[in-house]
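Biologist: I have the model open. Can you walk me through the packing?

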Amino acid sequence: EMIVEAIKLISENGRADITNIKIEKQKGQSVQDTELIHGIVLDKERVSSEMPTRVENARIALVDSALEMKSLETETRISISTPDQFKSFLNQEEEFLHSMVAKIQESGASVVICQKGIGDVAQFYLSKAGIYAIRRVAKSDMEKLAKATGAKIVSDIKVLTASELGFASLVEELKQGEDPFTYIRGCKNPKAVTILIRGGTEHVIDEIERAIKDALGDVAAVLRDSKVVPGGGAVEVELAKKLREFAHTLKGRERLAVEEFASALEFIPTTLAENAGYDPLDMLTELKLIH
């Protein structure tokens with residue numbers, strides 16, 4: 001149900017791009033606690049402990065530029081002759097970052113997700129404004145966040161307005177053991193979602209991840225082609241049956257060759273049955289009977 005719902009949420013015009021389904025893994029709890037989140041889960045924590053841990057009805061700004069002073073690529077020297085000049089130089093930096101945070105506040109954003117760094121001064125002003133912020137988020141996650149929340153990724157804070165912001169009913173930081181995660185939940189019409197896999201050990205989680213990826217591909221293919229191919233050796237048994245019917249129209253060695261090929265196809269369901277712990281002969285007889 002979870003996989004089908006995820007595919008339905010992200011599908012557009014009968015196509016589902018499964019790269020819009022983020023798979024996040026979390027050790028602890030049981031496999032039954034695996035959940036589909038209508039939004040994105042990031043393995044990131046807020047940049048300052050002074051920031052709120054939970055923001056309801058969040059207005060989200062996605063920024064792909066740094067909220068800190070850029071270091072110059074070339075070596076630069078500034079000549080300062082008086083203490084006032086030095087103080088003015090430091091104040092300019094602070095005022096620049098303060099104006100950036102003021103612009104974020106003005107837009108109505110309560111959460112800032114930044115692809116690059118957030119400096120200490122900017123962290124201070126963001127905390128003071130009660131804004132939840134995370135930094136150094138991967139570009140692929142930024143794109144998923146845009147699809148999930150409806151936000152637009154902005155490069156220049158100066159052009160940030162309310163129309164560029166996205167929405168989530170809840171943004172919160174939760175810790176699973178020692179690992180902090182940021183949950184962006186309750187997006188209205190998400191075109192990117194997260195399947196959060198939980199399990200007791202890493203081995204179990206990895207196995208579940210492989211199974212989920214296989215299933216997502218299958219459901220996406222069904223949506224695209226509107227056709228289903230049965231598994232478990234069903235195709236091979238059906239082909240063997242048709243080949244044997246065809247063999248009756250032949251004579252001599254040709255007939256033997258076709259019958260031998262039919263037997264070779266039946267080896268596949270026989271092997272599957274054996275691997276699953278069933279009696280291969282009983283299972284093959286039962287399959288032939290059904291077909």
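**Helix packing and cores**

Modeller: Start with two helices: Glu236, Val237, Leu239, Ala240, Leu243, Arg244, Phe246 and Ala247 in α6 meet Arg255, Val258, Glu259, Phe261, Ala262, Ser263, Leu265, Glu266, Ile268 and Pro269 in α7. Contact means heavy atoms within 4.5 Å. Helices (H or I, at least four residues) and strands (E, at least two) are DSSP runs numbered from the N terminus.

Biologist: What's the make-up of the contact of α6 with α7?

Modeller: Its residues are 12 nonpolar, one polar and five charged. Ala, Val, Leu, Ile, Met, Phe, Trp, Tyr, Cys and Pro count as nonpolar, Asp, Glu, Lys and Arg as charged, and the others, Gly among them, as polar.

Biologist: Before going on, what are the ground rules?

Modeller: This is a predicted model, where local features need pLDDT of at least 70 and side-chain atom pairs count only at pLDDT 80 or more, while totals for chains, interfaces and linings use all residues. Residues are numbered from 1 along each chain as its sequence is written, and side-chain values use heavy atoms, with hydrogens and water left out.

Biologist: Fine. At what angle do α6 and α7 pack?

Modeller: About 170 degrees, with the axes 8 Å apart. Axes are lines fitted to C-alpha atoms, for helices over the stretch in contact, and angles run from 0 to 180 degrees between N-to-C directions. α6 and α7 are therefore roughly antiparallel (an angle over 145 degrees).

Biologist: Switching to the inside. Which residues touch the most other members of the largest nonpolar core?

Modeller: Leu67, Ile104, Val112, Ile118, Leu126 and Ala133, out of 22 residues. Such a core is a set of buried Ala, Val, Leu, Ile, Met, Phe, Trp, Tyr and Cys residues joined through side-chain atoms within 4.5 Å. Buried means under 20% relative accessible area, exposed over 50%, partly exposed in between (1.4 Å probe, protein chains only).

Biologist: Which element gives the most to this core?

Modeller: α2, with four residues.

Biologist: And what does Ile104 touch?

Modeller: Leu67, Ala109, Val112, Leu126, Ile131, Ile157 and Leu160, not counting residues up to four places away in sequence. Apart from this core lies another, of 21 residues, including Ile40 and Met142.

Biologist: Which residues of α3 are buried?

Modeller: Ala122, Gln123, Tyr125, Leu126 and Ser127. Just after α3, Gly130 has a positive phi of about 75 degrees.

Biologist: Now the loops. Where is Ser226?

Modeller: In the loop between α5 and α6. Ser226 has a positive phi near 55 degrees, though not a glycine. Ser226 is exposed, at 63% relative accessible area.

Technical notes
Angles under 35 degrees count as roughly parallel, over 145 as roughly antiparallel, 65 to 115 as roughly perpendicular and the rest as oblique.
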